Amino acid sequence: MALIGMRDVSIRFGGPALLEGVQFFIEPGERVCLVGRNGTGKTTLMKLLAGELQPDSGEVVRQKGMRVARLEQGVPGGLTGTVRAVVAGGLGATEAEWAAHPDQQRVTEWLSQMALPGDMAFESLSGGLKRRVLLARALVTNPDLLLLDEPTNHLDLEAIQWLETFLNPTTGGRAYTGTLFFVSHDRLFLDRLATRILELDRGRLTDWPGNYATYRQRKETALEVEAAQQALFDKKLALEESWIRQGIQARRTRNEGRVRALERLRRERQARRERTGVVRMQLETGELSGKIIVEARQVSYSYEEIPLIRDFSTTIQRGDKVGVIGANGVGKTTLLRLLLGELTPDAGSIRLGTRLEVAYFDQLRTQLDEGRTVIESVGEGRQEVVFNGKTRHIISYLQDFLFTPDRARSPVSVLSGGERNRLLLARLFLKPSNVLVMDEPTNDLDVETLELLESLLVDYPGTVLLVSHDRTFLNHVATGTLVFEEGGRIGEYVGGYDDWLAQRPVAVVSPTGNKTRADTSCAPAGEERVRVRKKRLSFKEQQELVALPGQIETWEQEQAEWHQVVADPAFYRRGSEAVVAATTRLETLEQMLAQAYARWESLEALAGER
């Protein structure tokens, strides 16, 4: 029996319906991701599931007695007190009542499980830690259904990886084993978690079994089919309109059935909702900068006697795309300000290059005045802007960033997170630049806009300094990474996020049994930081190496068969037990194959060293 679902649900808040005849059901144990463009109604759908809104028509169907918890996209105002009090508030208990509450042990367990400082003031925490507290507040109720709206926003990489593990019951340990329904634009996060994708587009909901990668492939095919069908429809409508406009002689022989068919075609065309437009981004590029952008030598910097950066040296050249990776609060923004010459280091030197024109994207959006309109924020009192040497009306320019004329006249205070990010990009791209500094630009942007921004930055002829926790974004854009490590040290690596994972220092055990740090992949030529005794394959390992390809082929064949099973729309009518069993087996096979390939590679490497 389905845990929750919707039956012919519709809702609108003026204008086109956000949801129109939506119908779907979620089985216990599923991990369902809802995707869609910004402003399509994803948060509204989640509020309907949580019972915070009522539909205009249709009904939300729930199992009797089920518990629902929702983690909002932002941090709600008005939450004060200690972390323990905020978490206990999920049980409806005040801090004074918590000591005598029958479920106080559950609160203590979640504080421990999520490494939360129970006695710290909630208001003093970073944005990422506040999100973790709010997740504990939701989980302490033991919900049957957990609703997460952009859970990775403002989390650092370590927190995102922890959340991925915690929300996936196949990872073992104390993970969440209930039903999950979430919205996320973090492509790697949802690809690793989702067992099923729901897409909200133009008020309609479509169901895509499988993970995100499977959805993208099938969605692309569906859009091509839709475009072809619409082209045929429009061609037929044009022919019929041409026929109806013929002269008097044609009208005498007019077929009334054909006229009625034309009227139906007109109504159908009028009711068609076009897909949300695609952001059209271009950068106003400045003159060519010097070859050297910034040169740092033995730079150290402390804040309130806390060392943030120690003995850091680097040279950034024209055209480099440098990603900055580190935990929240570690000093990433401080590093950017040092490299831009806005801060003076405590020790060492920073030399800036020549002819630098810097454009800065601020993660806190402090550049936006809440009381001004969108037009005022971009035009600064002008009705026209100059972009790449051409004059454009400001409304026309803002439409490239999906702001309708009405929305362009709205105050900044009513904009969603995604709209504010697009507004910042519209302001930023008007400024001629040859150095682009972007501090967390990906928060709240939908996937299509993210991918367009990626392409823009890759093709940008200038230099990019990029702070981001979006691993896919870093992989696609960064040509090098600066990574905050222990004790204020900053490591420098070639490539993006995955390249850093492959190169970063790893803990190894020395002959004395002590753990040391090693990174032989990055050692200079002719130099090794750790000498490792080469190992020959044992007879057992040789046999394992011979057997592995056949085992991998068997598992891949089984995986393909299961993919065919879950791709059948009728599969989800078999009941929750069959659905959970199939998805669990697929996840197990994926893990087994990953481990087998890794083992195969390691054995082949050892065999090649003999």
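User: Where does Arg-267 lie?
Analyst: In this predicted model, Arg-267 is part of helix α10.

User: Buried or exposed?
Analyst: Arg-267 is exposed, because its relative accessibility is 51% and the cut-off for exposed is over 50%.

User: Which residues gather in the patch of positive charge?
Analyst: Arg-267 does, together with Lys-236, Arg-260 and Arg-264. The patch is on the surface.

User: And which helix gives the largest share of that patch?
Analyst: Helix α10, which covers residues 256–271, supplies three residues, the largest share.

User: OK, strands now. How do β10 and β11 pair?
Analyst: They are antiparallel, with eight bridges between them. Strand β10 spans residues 292–303 and strand β11 spans residues 306–317.

User: What is the bridge partner of Ile-292?
Analyst: Gln-317, in β11.

User: How many residues sit between β10 and β11?
Analyst: Two, and the two strands form a hairpin. In the turn, Glu-304 has a positive phi of about 50°.

User: Switching to β14. Which residues are on its covered face, and which on the uncovered one?
Analyst: Ala-359 and Phe-361 make up the covered face of β14 (residues 358–361). Val-358 and Tyr-360 are on the uncovered face.

User: Which strand is joined to β14, and do they run parallel or antiparallel?
Analyst: Strand β17, residues 435–439, is joined to β14 by four bridges, and the two run parallel.

User: What stands opposite Ala-359 there?
Analyst: Leu-436 of β17. Ala-359 itself belongs to the covered face of β14.

Notes. Residues are numbered from 1 along each chain as its sequence is written. This is a predicted model: local features need pLDDT of at least 70, side-chain atom pairs count only at pLDDT 80 or more; totals for chains, interfaces and linings use all residues. Side-chain values use heavy atoms; hydrogens and water are left out. Patches are made of residues with over 30% relative accessible area and no salt bridge: like charges are joined within 9 Å, nonpolar side chains (Val, Leu, Ile, Met, Phe, Trp, Tyr) within 5 Å. Accessible areas come from the Shrake-Rupley method with a 1.4 Å probe; for residues, only the protein chains shown count as cover. A salt bridge is a side-chain nitrogen of Lys or Arg within 4 Å of a carboxyl oxygen of Asp or Glu. Lys and Arg count as positive and Asp and Glu as negative; His and the chain ends are not counted. The place of a charge is taken as NZ of Lys, CZ of Arg, CG of Asp or CD of Glu. Buried means under 20% relative accessible area, exposed over 50%, partly exposed in between (1.4 Å probe, protein chains only). Two strands pair if DSSP finds at least two bridges between them.
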